[in-house]
Amino acid sequence: KLIGLGPKVTRAKGHSARATLTNTNTFGPGYDGDIVRLAKNNVVENIHFDNAWRSSIFGFNPDGAEIRDNLFTNDMAVHDLFAIEGPPPATCGGGVCAGEWPAGFIIHAPQTNRDSNSDGMMLINDTGVTANMLVDKNVIRDLSQGLPDPSSVGISDHVVRSRGITTITIDHSVSNLTLTNFIGSNLSPFGTFAADGIVYLASGMDPEVNSTVEDVLIENPFLSGDTSNGDSVEIQHRASTNGVLNIDIRRALLKDPASTNIKLINSTNPLNGIYNVTVRDSVLSNINAAGNEDAQIRFSGGSNRGAATDTLNLTLKNVRISGLGRGIAPSGEVSPDDLPTLRISVEDSCLSGLTDEAVLWINPASLTTDAIIDLGGGPLGSAGRNRFVNNGIPGYVPPGADLLGIDPVVFQADVAVTNGNASPPAIAVYADNNYWGGGAPLVSTTIGDDVFIPAGSNVTFSAATFLAADPCAKSAKSAKKVKSVKKVKKSSKSSK
């Protein structure tokens with residue numbers, strides 16, 4: 001047990017005495033540069049981790065770890081970024097530029113790139129272990145603030161990452177993570193840094209991740225970060241086979257990512273991956289006009305691997321999504337060609353005040369998909385009671401967003417579904433018992449109405465009933481359920 005005496009470091013005044021650990025030494029390549037290395041059954045509590053060379057806490061197969069009430073600041077800030085990464089590619093004669101760490105600042109072997117990685121917490125499970133881990137009441141903020149923009153020192157051929165907490169699960173291992181009362185704020189400096197709050201990555205054969213995420217705040221107050229790699233929560237199959245990611249997010253406040261609030265991503269040709277992701281009693285918003293603004297819950301892929309069977313099960317209950325971009329959509333509008341099974345269920349949720357569609361799915365002609373989008377009355381059990389209004393309003397700018405930075409918008413409809421593949425099955429969309437402004441939804445083959453289904457699309461749509469009253473106008477139930485998220489946010493302010 002490593003327990004710091006004195007006041008709670010997550011709430012103490014900035015210059016108060018507290019238990020503080022640092023590691024600013026320069027080490028060679030490998031698993032070096034961390035402040036604390038976990039063994040099994042370790043408890044780490046009430047420590048201020050400041051200025052880690054790599055991760056503040058690193059665990060390899062850390063079964064039984066309990067990480068509680070800690071404060072993490074300035075990870076990676078001691079680096080000479082230019083020295084680590086090497087000179088600009090153009091100066092290396094076409095070869096790979098070598099800095100202090102010739103293979104790049106890599107912590108996970110399947111990342112066969114030169115990405116730099118620094119994390120408040122890094123938990124890796126490999127070689128068939130089952131690890132049960134608890135992370136509770138931790139604050140990670142103000143990472144890497146003194147570093148220059150990577151592009152300003154010639155780093156353009158890879159990503160410099162700065163993340164709050166990362167769990168990597170490899171080869172027959174099982175990661176069981178309970179993550180509660182977590183704050184991740186200001187996780188990168190200005191520039192093209194990938195600033196992620198929470199990352200789950202599955203790799204190798206048969207990895208399994210089970211995680212409950214409760215009462216979390218991920219925010220980006222300076223609106224910084226790389227436009228394609230900065231996510232509040234990233235859930236990834238990377239070079240995995242038969243991997244399963246079970247993530248249950250409850251009472252989360254996710255704000256202003258450079259890229260997206262929740263990203264589900266296939267990378268490096270995974271096979272047979274399954275995503276089971278549930279989001280409940282949460283608020284997602286975005287005013288970060290410096291980002292790419294495509295969707296706040298986004299599926300990314302493009303592994304081009306043919307007939308393998310991936311499954312995405314996404315369930316939203318009592319969730320509010322507003323601000324820049326879409327609500328739920330694939331990256332770049334069109335679904336990647338590696339998602340044969342899709343299940344989306346949305347209930348008691350308010351998807352409004354978005355600059356683009358609330359729900360969009362475009363299936364290319366090359367992909368035959370078994371897809372059900374249940375917004376109410378469908379076989380997935382959604383009762384509806386969703387709000388789909390005030391999206392895609394011309395000239396609409398969310399309060400606090402930069403008008404000049406907002407991407408051009410071609411709005412299709414509150415709900416827009418296209419299936420270019422004429423072969424069975426059709427994409428089935430159910431939308432009973434929702435609020436579209438007071439009347440029945442207007443379904444059209446031209447853009448601009450409530451529901452857009454282009455002519456010739458292999459889509460079935462059902463909306464037998466509708467709500468005349470706005471379910472989000474009197475939302476005492478919603479406000480009560482997200483009350484604990486507001487407490488987490490207040491705690492974040494007191495820790496600064």
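At 45% relative accessibility, Arg37 counts as partly exposed, a label for values between buried (under 20% relative accessible area) and exposed (over 50%), computed with a 1.4 Å probe on protein chains only. A salt bridge here is a side-chain nitrogen of Lys or Arg within 4 Å of a carboxyl oxygen of Asp or Glu. Side chains of opposite charge can pair when their charged atoms come close.

Before we go on, a word about what you are looking at. This is a predicted model, in which local features need pLDDT of at least 70 and side-chain atom pairs count only at pLDDT 80 or more, while totals for chains, interfaces and linings use all residues. Residues are numbered from 1 along each chain as its sequence is written, and side-chain values use heavy atoms, leaving out hydrogens and water.

Now follow the chain to Asp119, whose side chain forms a salt bridge with that of Arg163 at 3.0 Å, N to O. This pair links distant parts of the chain: Asp119 sits in strand β9 (residues 116-125) and Arg163 in strand β11 (residues 160-170), 44 residues apart. Strands are DSSP runs of E with at least two residues, numbered from the N terminus. Asp119 is buried at 0% relative accessibility, and Arg163 is buried at 5%.

Next, look for Arg326 and Glu357, whose side chains meet in a salt bridge of 2.5 Å, N to O. Arg326 lies in strand β21 (residues 326-330) and Glu357 in the loop between β23 (350-354) and β24 (359-363), so the pair ties together parts that are 31 residues apart in sequence. Arg326 is buried at 6% relative accessibility, and Glu357 is buried at 0%.

Salt bridges can also join up into a network, as with Glu214, Asp215, Asp248, Arg250, Arg251 and Arg280. The count for the model comes to 19 salt bridges.

How far can you trust the picture? The protein averages a pLDDT of 86, and 83% of the residues score at least 70; pLDDT is the predictor's confidence in each residue, from 0 to 100. Over residues 100-114 the pLDDT is below 50, and this stretch has 50 contacts in the model beyond near neighbours in sequence, a contact being heavy atoms within 4.5 Å. Residues 491-496 also have a pLDDT below 50, with 12 such contacts. Where pLDDT is low, the predicted coordinates should not be read in detail.

Terms used: Helix = DSSP H or I, 4+ residues; strand = E, 2+ residues; numbered from the N terminus.
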